[in-house]
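Please keep the sequence and the model in view while reading.

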Amino acid sequence: MTAYESEHRFRTAGDGTIVDLTAVARGAVAESGITTGQLTVIVPGSTAGITTIEFEPGLLEDLPRFFERIVPSRATYAHDATWGDGNGFSHLRAALVGPSLGVPVSKGELVLGTWQQIVFLEFDNRARNRRVHISVIGA
């Protein structure tokens, strides 16, 4: 079994930033030389998430509106009363999505649908320097 790790760093503009990580993930698989295995992408932190969507303009607009409807940024949250940072909504949105994603690797390629991309979702209420950790294990 072989293991490979890499890290990708970037800056976000705050809540609503969506970053397509598919090319970065494919690059990690190619660099790893692994043909059969598992890729994992994780964002360390509690106010961002990793998922898959079709990375197209309509969904890039729809997704932030969806999160605003289900976890409104202007609602009252106990976290905000405790810490005074106003990002209670960010933590809840991140908890819904989760911090990581696993994708199988087969024949040296990620097993993704035609219109499926791996994306980072920023939920924090301010611009952030972010990093994602990528690991690939297999043979």
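Which kind of interaction do the side chains of E7 and R9 meet in? They form a salt bridge, with an N to O distance of 2.8 Å; the model is a predicted one, and this and the other values in the report are computed from it.

**Salt bridges**

With a relative accessibility of 37%, E7 counts as partly exposed, whereas R9, at 59%, is exposed. A search of the whole structure finds eight salt bridges, and the table lists some of them.

| Salt bridge | N to O distance |
|---|---|
| E7 and R9 | 2.8 Å |
| D15 and R93 | 3.1 Å |
| E61 and R65 | 2.8 Å |

The salt bridge between R93 and D15 has its closest N and O atoms 3.1 Å apart. R93 is part of helix α4 (residues 88–97) and D15 of the loop between β1 (2–11) and β2 (18–20), so this pair ties together parts of the chain that are 78 residues apart in sequence. R93 is buried, with a relative accessibility of 1%, while D15, with a relative accessible area of 35%, is partly exposed.

**Threonine 12 in the loop between β1 and β2**

T12 lies in the loop between β1 and β2 and counts as buried, at 4% relative accessibility. Its side chain reaches the backbone nitrogen of G14 at 3.4 Å, and a polar contact of 2.9 Å joins the side chain of T12 to that of E122. When neighbours within four places in sequence are left aside, T12 is in contact with T17, F120, E122, R126, A127, R128 and R130.

**A sheet and the helix across it**

Three strands make an open sheet in the order β2-β7-β4, with antiparallel pairing. The edge strands are β2 and β4 (48–53), each of which pairs on one side only, and the twist from one strand to the next averages 30 degrees. Between β4 and β7 (residues 117–122) the antiparallel pairing extends over six bridges, and the bridge partner of I50 in β7 is F120. Helix α2 lies across β2, β4 and β7, running at about 135 degrees to β2.

In soluble globular proteins, nonpolar side chains tend to be buried together. Here the largest nonpolar core has 23 residues, and those with the most contacts inside it are L21, L39, I50, L110, I118, F120 and V136. At least two residues of this core are supplied by each of β1, α1 (22–32), β3 (36–42), β4, β5 (100–106), β7 and β8 (129–138). A second, separate core of eight residues includes I18, I53, A94 and L121.

Within the largest core, V136 is among the residues with the most contacts. Apart from neighbours within four places in sequence, V136 is in contact with T2, A3, Y4, A28, V29, S32, I34, Q38, L39 and V105. F120, likewise among the residues with the most contacts inside that core, is the bridge partner of I50 and is one of the residues in contact with T12.

Note on methods:
Residues are numbered from 1 along each chain as its sequence is written. This is a predicted model: local features need pLDDT of at least 70, side-chain atom pairs count only at pLDDT 80 or more; totals for chains, interfaces and linings use all residues. Side-chain values use heavy atoms; hydrogens and water are left out. A salt bridge is a side-chain nitrogen of Lys or Arg within 4 Å of a carboxyl oxygen of Asp or Glu. Buried means under 20% relative accessible area, exposed over 50%, partly exposed in between (1.4 Å probe, protein chains only). Helices (H or I, at least four residues) and strands (E, at least two) are DSSP runs, numbered from the N terminus. A polar contact is a pair of N or O atoms within 3.5 Å; within protein, one must be able to donate a hydrogen and the other to accept it, and residues adjacent in sequence count only if both atoms are side-chain atoms. Contact means heavy atoms within 4.5 Å. Two strands pair if DSSP finds at least two bridges between them. Axes are lines fitted to C-alpha atoms, for helices over the stretch in contact, and angles run from 0 to 180 degrees between N-to-C directions. A nonpolar core is a set of buried Ala, Val, Leu, Ile, Met, Phe, Trp, Tyr and Cys residues joined through side-chain atoms within 4.5 Å.
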